[in-house]
Amino acid sequence: MGIYFQIQDDYLDCFGDPEVMGKIGTDIEDFKCSWLFVQALVRVDERQKDILFENYGKSDPACVAKVKALYKELNLEAVFSEYEREIYEKLISDIEAQPNEAVQAVLKSFLHKIYRR
């Protein structure tokens with residue numbers, strides 16, 4: 001669940017609404033090795049790789065916009081949505097395998113607080 005939370009945080013840093021999140025994401029500017037960056041590296045062709053490395057880690061808003069446009073071109077929003085659906089199902093299955101119903105209730109409560117936030 002902690003890994004899912006961090007991946008979701010990386011996603012929201014880029015695609016989340018700053019009004020809702022209460023902050024403006026800076027993972028791209030800060031050259032963070034985020035989940036989105038890693039997913040991009042797995043999917044890019046040479047042209048896209050050049051765009052990524054020429055613009056990632058720079059605070060220039062034009063560079064940030066190019067990285068975000070590349071993420072959209074790579075359809076990373078859909079990749080995240082699929083990951084989120086799959087991990088939710090796995091976590092529910094793992095939670096329901098716990099013999100203690102009180103533990104199940106606590107874990108489900110935590111999961112429902114973060115799922116699709």
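**Entry 1. Helix 6 and helix 7**

I looked up how helix 6 passes helix 7 and found a right-handed crossing. The model I am reading is a predicted one. I then asked how close the two axes come: they approach within 9 Å and cross at roughly 165 degrees. That angle makes helix 6 roughly antiparallel to helix 7, because angles over 145 degrees are counted that way.

I listed the residues that meet across this pair. Helix 6 contributes Tyr88, Leu91, Ile92, Ile95 and Glu96, and helix 7 contributes Gln104, Leu107, Lys108, Leu111 and His112.

**Entry 2. The chain as a whole**

I recorded the secondary structure: the chain has seven helices and zero strands. Read along the sequence, the pattern is α-α-α-α-α-α-α. I noted that the C-alpha atoms fill a box of roughly 50 × 30 × 20 Å along the principal axes.

I checked burial and found that 36% of the 117 residues count as buried. I also looked up the range of the contacts. Of those between residues at least 6 apart in sequence, 64% join residues at least 24 apart.

**Entry 3. Aromatic pairs**

How many aromatic pairs does the structure hold? I found 11 aromatic pairs. I took up Tyr4 and Tyr83, whose ring centres are 6.4 Å apart with the planes at 45 degrees, so this pair is tilted. Tyr4 belongs to helix 1 (residues 2–15) and Tyr83 to helix 6 (residues 76–96), so the pair ties together parts that are 79 residues apart in sequence. I checked both partners for burial: Tyr4 is buried at 2% relative accessibility, and Tyr83 is buried at 18%.

I turned next to Tyr88 and Tyr115. Their ring centres are 4.0 Å apart and their planes stand at 25 degrees, so the pair is stacked. Tyr88 is in helix 6 and Tyr115 is in the segment after helix 7 (101–114), so this pair ties together parts 27 residues apart in sequence.

I then traced a cluster. Ring pairs link Tyr4, Tyr11, Phe15, Trp35, Phe80 and Tyr83.

**Entry 4. Cysteines**

I searched for disulfides and found zero. Cys33 is in no disulfide either, and the nearest cysteine sulfur to it, that of Cys14, is 15 Å away.

**Entry 5. Val67**

I located Val67 in helix 5 (residues 61–73). Val67 is buried, and its relative accessible area is 0%. Which residues does Val67 contact, leaving aside its neighbours within four places in sequence? They are Ile28, Leu52, Asn55 and Tyr56. I also took the C-alpha to C-alpha distance from Val67 to Tyr83: the two are 21 Å apart in space and 16 residues apart in sequence.

**Entry 6. Asp27**

I found Asp27 in the loop between helix 2 (18–21) and helix 3 (35–43). Beyond neighbours within four places in sequence, Asp27 is in contact with Asp10, Asp13, Lys32, Ser34 and Tyr56. I noted that Tyr56 is also among the contacts of Val67.

**Entry 7. Positive phi values**

I looked for residues other than glycine with a positive phi. Most residues other than glycine have a negative phi. Phe31 has a positive phi of about 55 degrees. I found Phe31 in the loop between helix 2 and helix 3, where it is partly exposed at 47% relative accessibility.

I also noted Asn75, with a positive phi near 60 degrees. Asn75 is in the loop between helix 5 and helix 6, and its relative accessible area of 45% makes it partly exposed.

Definitions and conventions. Residues numbered from 1 in each chain as written. Predicted model: local features only at pLDDT ≥ 70, side-chain atom pairs only at ≥ 80, totals over all residues. Heavy atoms only, no water. Helix = DSSP H or I, 4+ residues; strand = E, 2+ residues; numbered from the N terminus. Buried < 20%, exposed > 50% of the residue type's maximum accessible area, 1.4 Å probe, protein only. Contact = heavy atoms within 4.5 Å. Disulfide = S-S within 2.5 Å. Phe/Tyr/Trp six-rings, centres within 6.5 Å; stacked < 30°, edge-to-face > 60°. Axes fitted to C-alpha atoms, helices over the stretch in contact; angles between N-to-C directions. Parallel < 35°, antiparallel > 145°, perpendicular 65-115°, else oblique. Left-handed = near helix turned anticlockwise from the far one by under 90°.
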